[in-house]
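This briefing is for a reader who has not seen the structure before. Please look at the sequence and the model below, then read the notes that follow.

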Amino acid sequence: MKQKILVAYASSYGSTQEIAEEIARTLRQEGQEIDLLPAKNVRDLNLYDAVFLGAPIYMFRWHKDA
């Protein structure tokens, strides 16, 4: 069953973005419809069947964009 999935990320130095890109690539290979976006650009989650959110933690707090 094909699902519309959002892979969102917040990243200061790019490593979290790279991981998000790899997750998106793998899900696309499995036939899923994927949107890959920076978390700060996400406006509506109602468009998606599932959401992955990746972000670094600094000093016990999520990245501000997450």
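Valine 7 is in contact with Ala20, Ile23, Ala24, Leu27, Ile34, Asp35, Leu36, Leu37 and Phe52, leaving aside its neighbours within four places in sequence. The model shown here is predicted. Val7 also belongs to the largest nonpolar core.

**Nonpolar core**
- This core has 7 residues: Ile5, Val7, Tyr9, Ala20, Ala24, Leu27 and Ile34.
- At least two of its residues come from E1, and at least two come from H1.

**Sheet**
- The open sheet is formed by 3 strands in the order E2-E1-E3, with parallel pairing.
- Strand E2 (33-38) and strand E3 (50-54) are the edge strands, and each of them pairs on one side only.
- On average, neighbouring strands of the sheet are turned by 15° against each other, direction ignored.
- Strand E1 (residues 4-9) runs parallel to E2 and is joined to E2 by 6 bridges.
- Isoleucine 5 has isoleucine 34, in E2, as its bridge partner.
- Helix H1 (residues 15-29) packs on this sheet and touches E1, E2 and E3.
- The direction of H1 makes about 165° with that of E1.

**Threonine 16**
- Helix H1 includes threonine 16.
- Is threonine 16 buried or exposed? Threonine 16 counts as buried because its relative accessible area is 14%, and the cut-off for buried is under 20%.
- Apart from neighbours within four places in sequence, threonine 16 is in contact with Tyr9, Ala10, Ser11, Gly54, Ala55 and Pro56.

Conventions:
Residues are numbered from 1 along each chain as its sequence is written. This is a predicted model: local features need pLDDT of at least 70, side-chain atom pairs count only at pLDDT 80 or more; totals for chains, interfaces and linings use all residues. Side-chain values use heavy atoms; hydrogens and water are left out. Two strands pair if DSSP finds at least two bridges between them. Helices (H or I, at least four residues) and strands (E, at least two) are DSSP runs, numbered from the N terminus. Axes are lines fitted to C-alpha atoms, for helices over the stretch in contact, and angles run from 0 to 180 degrees between N-to-C directions. Contact means heavy atoms within 4.5 Å. Buried means under 20% relative accessible area, exposed over 50%, partly exposed in between (1.4 Å probe, protein chains only). A nonpolar core is a set of buried Ala, Val, Leu, Ile, Met, Phe, Trp, Tyr and Cys residues joined through side-chain atoms within 4.5 Å.
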